Amino acid sequence: MLFLLIRRGLRQHLVSTAVAVVLVALGMSLVVSVWVVRTEAEQSFNRSASGFDAVLGARGSKLQLVLNALFHQEASPGNITAEDFQQVKALPVVDRAIPIVVGDNFRGVRLVGVSDDFFQNLEYAPDHTYAVEPGGRPFQVGQKEAVVGSLAAHQLGWSPGATFHPFHGLDYNPNAQHSETFTVVGVLAPTNTPADRVIWVPLEGVQRLGGHDPAAFTDLSAVLIRFKPEAKAAGLMLDTRYNRQGKRLTLAWPVASILADLFSKFSWFEDALRALAYMVAVVAGASVFSSVYSSMSARKRDLAILRALGAHRGFLIAAVLGESAGIGLLGCALGFGLYAAIASTVQEILRTRIGVLLEPWAWNPVLVWGPLLMLGLSVAAGALPAWRAYRLSVADGLSPLS
Amino acid sequence: MNLKRTLAALLVLALAGGGWALVRWRIRATALAGSARDPVKPHQHRPPHGGTPVVLGDEQFHVELVRDPAAGVLRAYILDGEMEDFVRIAAKAITVQADLDGRKETLAFRPVADLATGETVGDTSLFEARADWIRSAGHFKGVIVNLPVRDQVFKHVAFSFPEGNDRD
């Protein structure tokens, strides 16, 4: 009986009900999206640091170093020498030191020169090592060979056997093509890290391309460093040596803290989005109120008849609150659909442009309290109409309309 | 009817006001959480390598002494008054007279060049002294005989190792 009454109330004012449902859905999806995208993006960026603890590069911004060396964004702040690499590699606290060189591209897809250590049991995540997909193999040092990241291979339509001529610089300039021909010998198995977005070639492949300065043939763009697990103070020690005592090089460490700084720079934008989400939620609450209030006013006579037939006042309150809760529930259901659409769009943008994989359905408390907030707001918006229903006298409700 | 409209308008205003208050509260809570994560650092002078701090003058500069017993090396880092920045000096040597329970020793610290830091002999903040007794001597009293740092010269600076000479 109660359910039928609620359903009739919702259907009787279908347009205003639909508007309220859509607004609740928008509010919920915005609140959840803002929260989840913020927290997941930061966690995803940290996961995508590819298992390295620090990056050593030329003197400059730590953030630029991390973005350039680990996320393959931005330009390199400068070069370091092969001796710098040998020195850091020889430190007893260093477990792995992988040198990289950047400076060329193929139609906007970055070429990254790397040592062959890269394919030798290097973990980008616990129990996950970089590997070449079946049918391919790692490049050989000194050869003009390439291993393509999975996203880059998909984007360029490449498979083992494909050949290409790289272009000079990090930005695609059709007039700056190198004459050297590289052959793709493998596709990197997907890692869901920025490594999927680039073309991996031997160090010398980038260093000795035609037109590059012969005096800088051994120079490197950066060194990716992983410390030995037992060397707890390694980061602090090297941070003091390179960043405080030294004036030549920069050690970007700890990577997570540098990325947190990056996100904190955009916290004002996040606050603005949150404020917007809350305002939409409030408007949704007002819309629920308007819809339920209109519905109740229009059915005043019906409610009075119910009262005359013996319905308890509590029943009328339950009917009105049930209607607002129904709008809230429908809105939350639709809201999850909208959230899925927003999250998958953001996920695709981050994956293709940065190589970072967002996990929108990973556990986050907002996935529970977001819908509960909207449901509570909807029920609260039905409180005044419910009070009016409670106070409705049979005589007033059944009095002639004219 | 007017009463209903007034009530409806009041409710909308209340909801909007409540929502705005919620937004303000969340922004404030976020800001407070941020400031709690980044507490104001107390004014502390700590040697960057966890070594022995030796104050020069009225805390204009510091020398941090770090013992490497395995190598028999004592390193001296020249630091500023806050022990935050390294100070490169041109000194060719630093002499320290050590008293090991009555036995007198002299340590000659030599400037160290380091590719990693870009320091060179004549422009370095790191000096090293080698001696066999450093391997075993965990405690001694010392005097820095003569140490020119920038435009000042510090003479006969006494200290205890590993306590240092900072009385604060």
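In this predicted model, helix H1 (residues 2–12) of chain A packs against helix H11 (residues 313–353) of chain A at an angle of about 50°, and their axes are 9 Å apart. H1(A) and H11(A) are therefore oblique to each other, and their crossing is right-handed. On the H1(A) side, the contact is formed by A:Leu2, A:Leu5, A:Ile6, A:Gly9 and A:Leu10. These residues meet A:Phe315, A:Ala318, A:Ala319, A:Gly322, A:Glu323 and A:Gly326 in H11(A). Seven of the residues in this contact are nonpolar, three are polar and one is charged.

At the level of domains, chain A is divided into domain 1, which comprises 2–46 + 266–398, and domain 2, which comprises 54–253. The C-alpha centres of domain 1 and domain 2 of chain A lie 49 Å apart. Between them, five residues of domain 1 of chain A are in contact with eight residues of domain 2 of chain A. The side of domain 1 of chain A that touches domain 2 of chain A has three nonpolar residues, two polar residues and no charged residues.

A single position may now be considered. A:Gly370 is placed in helix H12 (residues 366–381) of chain A. A residue is buried if 20 or more other C-beta atoms lie within 10 Å of its own; A:Gly370 has 27 C-beta neighbours inside 10 Å and therefore counts as buried. Leaving aside residues up to four places away in sequence, A:Gly370 touches A:Met28, A:Val31, A:Val32 and A:Trp35. A:Leu262 lies 108 residues from A:Gly370 along the chain, and the C-alpha atoms of the two are separated by 26 Å.

How values were computed: Residues are numbered from 1 along each chain as its sequence is written. Chains are lettered from A and ligands numbered from 1 in the order in which they are written. This is a predicted model: local features need pLDDT of at least 70, side-chain atom pairs count only at pLDDT 80 or more; totals for chains, interfaces and linings use all residues. Axes are lines fitted to C-alpha atoms, for helices over the stretch in contact, and angles run from 0 to 180 degrees between N-to-C directions. Helices (H or I, at least four residues) and strands (E, at least two) are DSSP runs, numbered from the N terminus. Angles under 35 degrees count as roughly parallel, over 145 as roughly antiparallel, 65 to 115 as roughly perpendicular and the rest as oblique. A crossing is left-handed if the near helix is turned anticlockwise from the far one by less than a right angle, and right-handed if clockwise. Two residues are in contact if their C-beta atoms, placed from the backbone, lie within 7 Å. Ala, Val, Leu, Ile, Met, Phe, Trp, Tyr, Cys and Pro count as nonpolar, Asp, Glu, Lys and Arg as charged, and the others, Gly among them, as polar. Domain bounds come from an automatic or database domain assignment. A residue is buried if 20 or more other C-beta atoms lie within 10 Å of its own, exposed if 12 or fewer, and partly exposed in between; C-beta atoms are placed from the backbone.
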